[in-house]
Amino acid sequence: TESLVLVKYWLASSLTAGQRQDSWGTASLLCEILEENIKHDRIESGELGFCLHSFIAIILDPNNNDICPQVLKSLKAILSTIFSNSTKSTLVDGAIAVLHKLSLALLQIHQTAFQKLSTTCYTSK
């Protein structure tokens, strides 16, 4: 989790798309480690909640729009790992509040994208 804080800082400090791509490259490795830790029950619900909250911060930052598809792909893999096994219910229960926030963040991203699409289509008429 400490490494994720550092990567979030790098992303926030990035001035170019290339810097964000490099920072996300490091974060994607951390996501793979997170997936493995979930699969092998080596993570507590508080740690998972912290990691998911980091995803919320990353995807809601408009500066990260260029890496958002990659972030969402990693998030999908992590959520699939969490929900693929019914024995992970304790882990889910412990992180349910953050999962709820994540759902709202994803709805917000969807709404923003829909508004941009609608505006673009409307102005092109």
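**Figure 1. The protein chain follows the pattern α-α-α-α-α-α along the sequence.** The chain holds six helices and zero strands, taken as DSSP runs numbered from the N terminus (helices H or I, at least four residues; strands E, at least two). This is a predicted model, in which local features need pLDDT of at least 70 and side-chain atom pairs count only at pLDDT 80 or more, while totals for chains, interfaces and linings use all residues. Residues are numbered from 1 along each chain as its sequence is written, and side-chain values use heavy atoms, with hydrogens and water left out. The C-alpha trace spans about 55 × 30 × 20 Å along its principal axes. Of the 125 residues, 34% are buried (under 20% relative accessible area; exposed is over 50% and partly exposed in between; 1.4 Å probe, protein chains only).

**Figure 2. Close-up of helix α1, residues 2-13.** From first C-alpha to last, the 12 residues of α1 reach 17 Å, close to the 16 Å expected at 1.5 Å a residue (1.5 Å times one less than the number of residues). L4, V7 and L11 are buried in α1. These residues lie on the same side of α1 because they cover an arc of only 60° around the axis, an arc of the directions from the helix axis to the C-beta atoms. The face turned away from the buried side carries the exposed residues E2, Y9 and A12. The buried residues of α1 pack against α2 (17-39) and α3 (45-60).

**Figure 3. Close-up of the largest nonpolar core, with 31 residues.** Such a core is a set of buried Ala, Val, Leu, Ile, Met, Phe, Trp, Tyr and Cys residues joined through side-chain atoms within 4.5 Å. W24, I38, L48 and L52 touch the most other members. At least two residues of this core come from each of α1, α2, α3, α4 (68-83), α5 (89-94) and α6 (96-123). Helix α3 gives the most, with seven residues. Leaving aside residues up to four places away in sequence, I38 touches I43, L48, I78, T81, I82, K88 and L91 (contact: heavy atoms within 4.5 Å).
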